[in-house]
Amino acid sequence: MRHRRSGRQLGRNAAHRRAMFRNMACSLITSVVPAGQDVPPGRVPGRIETTVEKAKELRPVVEKLVTLAKRSLAHVEAAEQFATSAVRNTPEWREWRKSDRWQQWNKAIAPAVALRRRAFAALRSRTAVDLLFGELGPKFRTRPGGYTRIVRLARVRLGDGGKLAIIEFVGERDRNRARRAAIKVGE
C-alpha cells in the first residue's frame, strides 16, 4: 500500500527520478533565451515537451528554484550599496577589500550566494543557474507564484501511447482574453 507516500514513482527508482527531474529542470531553464539573443529556428523558448505525469511532478521542482532566484534579488540589491566598481586586484579594489564596506558587502551578499549554491546543488549546471538568477528571477519578481503552466497536447507518444504535455514558463506568450474580447466587441 502507498499510504502517506507522495509523488509518482514513474517506474523508476529514487536516484533515477532525481536525475531525471534535474535534467528536465535544466532543459526547461536553459530553453529560456537570454534578452538580446535570437531564438533558434523551430524552437519555442521556455518550453519543453514531456508526458503529463512528468510535467506535473516537475512543476514544483522548477517553481521552488524560481522562488530561490526571486529571494536572492533582495540580498543582491542590499549589497549593491556597499559594492565597488573597481576592477579586481587594482589598488582601489584592494583598499575596498580591506575596508569596512567590504565586510558589510560580504555580510549582505552571503544569503544570495547561499541561495545560488542551493540552486546549483539541485541543478548541477552553471548555465542553468546563471539563467535562473539572471533572467527568470527578475522576470518573475512581482509574481507571487505560478511561474509555469502545463498544457496538454491532443496527440499521444507514438511508442507507448503516453499522454503528452508542454510545460512552459508563463510570460510573453500569455493569452490576453480581455484584449481579444474588446476586439470582438469593436468589430
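Let me begin with a definition: a contact means heavy atoms within 4.5 Å. With that in hand, consider Thr50, which lies in strand β1 (residues 47–51). Helices (H or I, at least four residues) and strands (E, at least two) are DSSP runs, numbered from the N terminus. Leaving aside neighbours within four places in sequence, Thr50 is in contact with Met24, Ala55, Lys163, Leu164, Ala165 and Ile167. Thr50 has a relative accessible area of 9% and is therefore buried; buried means under 20% relative accessible area, exposed over 50%, and partly exposed in between (1.4 Å probe, protein chains only).

A word on the source. This is a predicted model, in which local features need pLDDT of at least 70 and side-chain atom pairs count only at pLDDT 80 or more, while totals for chains, interfaces and linings use all residues. Residues are numbered from 1 along each chain as its sequence is written, and side-chain values use heavy atoms, with hydrogens and water left out.

I turn to the strands. Strand β2 (residues 148–156) and strand β3 (residues 163–169) pair in the antiparallel sense over six bridges; two strands pair if DSSP finds at least two bridges between them. Within this pairing, Arg149 stands opposite Glu168 in β3. The two strands, β2 and β3, form a hairpin with six residues between them, and Gly161 in the turn has a positive phi of about 75 degrees.

Next, helix α5 (residues 126–139). Its 14 residues reach 19 Å from the first C-alpha to the last, close to the 20 Å expected at 1.5 Å a residue; the expected span is 1.5 Å times one less than the number of residues.

Finally, the aromatic rings. How many aromatic pairs does the structure hold? There are three. Rings of Phe, Tyr and Trp (its six-membered ring) pair if their centres lie within 6.5 Å; planes under 30 degrees apart count as stacked, over 60 as edge-to-face and the rest as tilted. Trp96 and Trp105 form an edge-to-face pair, at 5.6 Å centre to centre and 65 degrees between the planes. Phe140 and Tyr147 have ring centres 5.2 Å apart and planes at 45 degrees, so this pair is tilted. Both Phe140 and Tyr147 are buried, and together with Phe169 they form one aromatic cluster.
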